[in-house]
Amino acid sequence: MSITYNYEYSRKLRVCFIGAGQHAFRNIFPTFAFAPVELTAVCDLDPERAGNCARLFGALRTYTSHLEMLAKEKPDLVFIVTSYDAQGLPVYPALAMDCLRAGAHAWIEKPPAGTSAEIREMMRVSAETGRHVAVGLKKMFFPANLKAKGLSERPSFGRINCITARYPQQLPPHEERADNHKMVYFLDHMVHPHSVLLLLGGPLESLFVTRSASGAATVSLRFKSGAIGNLILSHGQSGSSFFERTEIIGEGENVVVDNNIRVTLYRSGRQTAGYGRSGDYFSLYEDESGPLHWEPEFSLGQLHNKGLFLLGYAPEVIHYTTRLLEGKGPEYGTLEDALEMLLIYEAYRKPDGHVHFIGK
Ligand SMILES: NC(=O)c1ccc[n+]([C@@H]2O[C@H](COP(=O)([O-])OP(=O)(O)OC[C@H]3O[C@@H](n4cnc5c(N)ncnc54)[C@H](O)[C@@H]3O)[C@@H](O)[C@H]2O)c1
C-alpha cells in the first residue's frame, strides 16, 4: 500500500466533523494528513473543543449545531466521533441519517448503534438517499490482520478449519444485560474481536457463551463457512499484558498474529526424518517450508511503524475517502458488517449456556 500525502491529491472531498473529543483529536483528525480531504468545519456541543480541533487541524469554521453546519457547509462527507446518549445508546444512527438526508456521506465511529433495528434503518436511509455510511471497525484495517487474511487465502493454506482469538473484555452477568448503561463497556469493545473474526472467518452462524464468575468468558463459534472458532474474553489479565492473539488454522498450515504486529505463517512441508529420528528441529523440515515471520522495525520515521497505520486508523480513512472519490462505498466497515456486529451483540444479551443462532 503506497501512501499519498494530503497535499498531493488532485481531487479532495469537502469534509466536516461532528464530535471533537479525545479520540477524534488523538486518532482521527491526524489521519487527514494522508487522505484526500479538505476539512472545512468542526462541530461540537462544546465550542472550546470544536475550536481546539479547528485551529490545529486547519478547519475554517466551528459550530455547536450539526444541522446548521450541514445546511451552511454542504459537505461531501461528515466524520462523526461522538458518544452515548442519556439512555446509554450510541448517538451515531440519528446523526448519520441527518447527514445522509443533507446529501452527505457519513463515517461513524464504533459502536455504530445499540440495536440491529437502527442499523437496518440506516441501511434504508442510505439506499433511499444514495449516500454511503462507513463504520470505524478499525481492526478490519490492521495491516497484520489483513496480512493474516491474505495468507489464509493462499491455495496451500486450504480451507479455514478453525480460528482462535483472545481479547480482554468483561461480560456482565445475564441479569444486567438488559440495562444499556451496564452494557456500555461491553458494546464499546465487543466489535473489536468480532470484527477481526468477521474479516478472517466471514459471518457467524451461531455462538455459545460460558462465563466465569467474575466475567471472563469462552465463546464457541460456528461460522457460516463451516469453520469453527473460540474467542476467549480474557477479563482479569494484567493491564501491562498484550491484548490480543489470533490464530487461523487451515489444512496443513496455520498463521498466528501476536499483539497485532507479529505475523507468523507455519507452512506445510515435507518432513525430512521419521518420527524419533531427527536430532534437531531445524532440519526436521526443509528450509523452503520453514515458518515465515514478519514484524515492523522501530528505527526509522516511517509510516508503516506508526500507531496511526498499525492500528488501522489511517488505512480505514484512506480506504473510504479514496473509494468515495471513485463513486464507490466501503468494502470493509460496511453497514452489513455493522449489522453482523449488532446481531452478535444481541445474541450476547441472551442467557448463557444456549446455542444462539445469529440473526434468528
Ligand atoms: N476505535 C477506537 O480505537 C476508539 C478509541 C476510543 C474511542 N472510540 C470511540 O470514539 C467515540 C468518542 O470517544 P471519546 O473518548 O473521544 O469521547 P469524548 O466524550 O471525549 O468525545 C465525544 C465528543 O462528542 C461531542 N458530541 C456528542 N454529541 C454531539 C452532538 N450531537 N453534536 C456535536 N458534538 C457532540 C461531545 O461534546 C464530545 O466532545 C466513542 O464512540 C468511542 O467508542 C474509538
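## Residues around the ligand

In this predicted model, the shell around the ligand is made up of eight nonpolar, eight polar and seven charged residues. In total, 23 residues surround the ligand, and the closest of them are Gly 19, Gly 21, Gln 22, His 23 and Thr 82. Helix α1 (residues 22-28) supplies the largest share of this shell, three residues.

## Domains and their contact

The domain assignment divides the chain into domain 1 (6-137 + 309-340) and domain 2 (140-299). Taken over C-alpha atoms, the centres of domain 1 and domain 2 are separated by 30 Å. The contact involves 19 residues from domain 1 and 16 residues from domain 2.

On the side of domain 1 that touches domain 2, the elements giving two or more residues are α8 (307-310), α9 (313-325) and α10 (335-348). Of these, α9 gives the most, with three residues. By class, this side of domain 1 has nine nonpolar, six polar and four charged residues.

## The largest nonpolar core

In soluble globular proteins, nonpolar side chains tend to be buried together. The largest nonpolar core here has 101 residues, and Phe 17, Ile 80, Ala 96 and Ala 106 have the most contacts inside it. Helix α7 (residues 180-201) gives the most to this core, with 10 residues. At least three residues of the core come from each of domain 1 (6-137 + 309-340) and domain 2 (140-299).

The surroundings of Ala 96 illustrate the packing. When neighbours within four places in sequence are left aside, Ala 96 is in contact with Ile 80, Ala 106, Ile 108, Met 122 and Val 133. Two of the partners named here, Ile 80 and Ala 106, are themselves listed with Ala 96 among the residues with the most contacts inside the core.

## Helix α2

Helix α2 (residues 47-57) has Arg 49, Ala 50, Cys 53 and Ala 54 as buried residues. These residues lie on the same side of α2, because they cover an arc of only 130° around the axis. An α-helix has 3.6 residues a turn, so residues three or four places apart point the same way. Glu 48, Arg 55 and Leu 56 are exposed on the other side of α2.

The cover over the buried residues of α2 includes α1, β2 (37-43) and β3 (61-63). Helix α2 is followed by Gly 58, which has a positive phi, near 85°.

In α3, the buried residues are His 66, Met 69, Leu 70 and Glu 73. Viewed down the axis of α3, the buried residues fall within an arc of 100°, and therefore they line one face of the helix. The other side of α3 carries the exposed residues Leu 67, Glu 68 and Ala 71. The buried residues of α3 pack against β1 (13-18), β2, β3 and α4 (92-101).

Just after α3, Lys 74 takes a positive phi of about 45°. Lys 74 belongs to the loop between α3 (66-73) and β4 (77-80). Lys 74 counts as partly exposed, because it has 13 C-beta neighbours inside 10 Å.

## Other backbone features

Which residue other than glycine has a positive phi of about 65°? The residue is Asn 260, which lies in the loop between β12 (254-258) and β13 (262-266).

The peptide bond from Lys 110 to Pro 111 is cis, with omega near -10°. Pro 111 is placed in the loop between β5 (105-108) and α5 (116-129).

## Ile 344 in helix α10

Ile 344 lies in helix α10, one of the elements that give two or more residues to the side of domain 1 that touches domain 2. Ile 344 is buried, with 24 other C-beta atoms within 10 Å.

The C-alpha atoms of Ile 344 and Met 190 are separated by 9.0 Å, although the two residues are 154 residues apart along the chain. Leaving aside neighbours within four places in sequence, Ile 344 is in contact with His 194, Leu 204, Leu 207 and Ile 358.

Conventions:
Residues are numbered from 1 along each chain as its sequence is written. This is a predicted model: local features need pLDDT of at least 70, side-chain atom pairs count only at pLDDT 80 or more; totals for chains, interfaces and linings use all residues. A residue is near a molecule or strand if its C-beta atom, placed from the backbone, lies within 6 Å of it. Helices (H or I, at least four residues) and strands (E, at least two) are DSSP runs, numbered from the N terminus. Ala, Val, Leu, Ile, Met, Phe, Trp, Tyr, Cys and Pro count as nonpolar, Asp, Glu, Lys and Arg as charged, and the others, Gly among them, as polar. A residue is buried if 20 or more other C-beta atoms lie within 10 Å of its own, exposed if 12 or fewer, and partly exposed in between; C-beta atoms are placed from the backbone. The arc is that of the directions from the helix axis to the C-beta atoms. Two residues are in contact if their C-beta atoms, placed from the backbone, lie within 7 Å. A nonpolar core is a set of buried Ala, Val, Leu, Ile, Met, Phe, Trp, Tyr and Cys residues joined through C-beta atoms within 7 Å. Domain bounds come from an automatic or database domain assignment.
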